[in-house]
Amino acid sequence: MNIMKMKMILSLLIFHCCVIHLVSAQLLQVGFYNTTCPQTETIVRQAVQNQFNSDPSITAALLRMHFHDCFVRGCDASILIKSIGSKKSEREAGPNKTVRGFELIDKIKKTLETSCPSTVSCADIITLATRDSVALAGGPNYPIPTGRRDGLISNAADVNLPGPSLTIPQALQFFTNKGLTLNDMVTLLGVHTVGIAHCNFFQDRLSPVPDKTMDPTLAAQLLKTCAKSSATAFLDQNTSFTVDNEYYRQIMLRKGILTIDQELTLDKSSAPIVTSFAANKDVFSQSFANAMIKMANIDVLVGSAGEIRKNCGVFNQKANRKVVN
């Protein structure tokens with residue numbers, strides 16, 4: 001095969017991949033359920049509002065669930081599937097064992113199944129519920145396209161998520177693999193403005209020798225906090241339940257809790273973005289909305305792909321559904 005033919009084949013492959021991506025994105029649309037189930041977004045919003053009123057930490061829980069779902073096989077609600085015996089689903093993978101919010105998604109799904117059977121996907125419920133929780137916590141209320149379908153595979157072994165101790169180049173690789181940019185990554189890490197972390201994820205920054213890049217007063221405070229078994233700390237020590245730009249202001253003051261948080265200000269590629277977000281909450285808010293919409297489009301199933309589950313934790317009863325080891 002000559003070089004010219006090889007180039008033509010490569011060009012066709014690239015074009016084919018791009019067309020598939022564009023078609024998937026085009027089949028998602030704002031108000032996808034306006035005709036088939038017009039009360040969808042109202043039902044989701046009301047359920048999230050009720051949960052938020054009693055537990056404002058639901059915003060952090062849903063943001064984490066959404067991220068963990070989209071970064072494994074795309075935004076297909078595969079994280080919701082329950083394991084069957086020894087066959088472990090994504091839900092049982094190490095990073096997902098502390099994910100919360102399943103009961104809320106199930107509650108919303110049950111209501112929607114009563115109103116519009118087999119119509120609204122669990123993947124869209126996660127996406128909409130996350131958007132609504134962000135708005136309730138003071139973040140942007142962005143229009144989010146819907147029309148996703150639910151995945152047919154959930155495999156614990158597929159779960160490979162960026163850890164809290166990575167360098168910026170290491171973390172960025174995970175994001176670029178999903179079609180996201182450096183700006184998207186710095187923006188999405190801003191969800192830590194409402195996050196918490198167990199002490200074991202940053203204990204090495206406190207002892208035996210305190211990390212010099214951490215504010216010494218904060219390090220001493222965290223050392224006391226983490227003396228208690230299973231202790232946790234807010235990743236934003238100031239406005240812990242509000243989606244705002246305070247996280248970036250804190251890490252610029254050397255008050256990042258996780259290694260990856262502080263690395264954002266130390267790496268020359270990400271530092272200017274942090275400075276921009278810390279200086280202007282509106283710039284962060286717009287970037288956050290854009291990044292969330294973009295993340296919610298990762299490898300989505302549309303059209304006749306996948307299924308619309310009747311129960312978010314269980315595949316519909318057909319032979320091609322897989323929970324594998």
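Reader: Why is cysteine 116 called buried?

Author: In this predicted model, cysteine 116 has a relative accessible area of 7%. Buried means under 20%, so cysteine 116 counts as buried.

Reader: What makes cysteine 116 and cysteine 37 a disulfide?

Author: Their sulfur atoms lie 2.1 Å apart, and the cut-off for a disulfide is within 2.5 Å. The pair therefore qualifies. Cysteine 37 sits in the loop between α1 and α2, while cysteine 116 sits in the loop between α4 and α5, 79 residues apart. Cysteine 37 is buried too, with a relative accessible area of 1%.

Reader: Why is the disulfide of cysteine 70 and cysteine 75 called right-handed?

Author: The torsion about its S-S bond is about 120°, so the link is right-handed. For cysteine 199 and cysteine 226 the value is -80°, and that link is left-handed.

Reader: How do you know that aspartate 236 is buried?

Author: Its relative accessibility is 0%. The limit for buried is under 20%, so aspartate 236 belongs in that class. Aspartate 244, with 18%, also counts as buried.

Reader: What makes the link between aspartate 244 and threonine 193 a polar contact?

Author: Their side chains are joined at 3.0 Å, and the cut-off is a pair of N or O atoms within 3.5 Å. UniProt, in an unreviewed entry, lists Thr193 and Asp244 under "binding site", along with Asp236 and Thr239. These residues are spread over 52 residues of sequence but cluster in space, with a largest C-alpha distance of 10.0 Å.

Note on methods:
Residues numbered from 1 in each chain as written. Predicted model: local features only at pLDDT ≥ 70, side-chain atom pairs only at ≥ 80, totals over all residues. Heavy atoms only, no water. UniProt positions renumbered as here; feature names shortened; annotations may be inferred. Buried < 20%, exposed > 50% of the residue type's maximum accessible area, 1.4 Å probe, protein only. Polar contact = N/O pair within 3.5 Å; in protein donor to acceptor, adjacent residues only side chain to side chain. Helix = DSSP H or I, 4+ residues; strand = E, 2+ residues; numbered from the N terminus.
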